[in-house]
Amino acid sequence: MTNFRIDRLPYDSRRLAVWADSDPKNLNWPVVYILRSEDQIYVGETTNVVRRLQQHMSEGKKTGLTHVTVLFDDSYNKSACLDLESSLISHL
C-alpha cells in the first residue's frame, strides 16, 4: 500500500503560501493538480506545485478558477504523473 494524499485548497495566493509551508513535498515532489471552478477545469503535472501554481496566478491566464486539488503518492515519479495527467484529461 502506498501513502496517497489528496489536498484541496482555495486557488488563492495567501492560502497557497500557508499550505506551502505545511509539508516539504508541497515544494519538491511530482504531483498532478487540478484547477477548477463551476464551469472550467485545468489538469497539470509538476515537481514543484507551489511554484507552478504561483506561475499560473502571475500569468493571469487561469482566471475564474476557484479551487485546486493536488494528488500526491509516495510512488509517483515524473512518468507516472504524465500518465495520470493524460488519463485525467482524456476522461474529462
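Reader: In which sense do strand 2 and strand 4 pair, and over how many bridges?

Author: Strands and helices here are DSSP runs (E, at least two residues, for strands; H or I, at least four, for helices), numbered from the N terminus. Two strands pair if DSSP finds at least two bridges between them. The pairing of strand 2 and strand 4 is antiparallel, and its number of bridges is five.

Reader: Before we go on, what kind of model is this?

Author: Residues are numbered from 1 along each chain as its sequence is written, and side-chain values use heavy atoms, leaving out hydrogens and water. Local features need pLDDT of at least 70, side-chain atom pairs count only at pLDDT 80 or more, and totals for chains, interfaces and linings use all residues, for this is a predicted model.

Reader: Which residue of strand 3 stands opposite Arg-36?

Author: Strand 2 (residues 31-36) and strand 3 pair in the antiparallel sense over six bridges, and a hairpin of four residues joins them. Val-31 stands opposite Thr-46. Opposite Arg-36 stands Ile-41.

Reader: Which strands are at the edges of the sheet?

Author: The four strands form an open, antiparallel sheet in the order 1-4-2-3. Each edge strand pairs on one side only, and these are strand 1 and strand 3 (41-46).

Reader: Why is strand 2 described as largely enclosed?

Author: Buried means under 20% relative accessible area, exposed over 50%, and partly exposed in between (1.4 Å probe, protein chains only). Strand 2 is largely enclosed by the rest of the structure because, of its six residues, the number buried is five.

Reader: Where do the buried residues of helix 1 lie around its axis?

Author: In helix 1 (residues 13-20), the buried residues are Leu-16, Trp-19 and Ala-20. Their arc, taken from the directions from the helix axis to the C-beta atoms, is only 100°, which puts them on the same side of helix 1.

Reader: Which exposed residues does the face turned away from that side carry?

Author: Let us look across helix 1. The face turned away from its buried side carries Arg-14 and Val-18.

Reader: What do the buried residues of helix 1 pack against?

Author: Contact means heavy atoms within 4.5 Å. The buried residues of helix 1 pack against strand 1 (4-10), helix 2 (49-59) and strand 4 (67-73).
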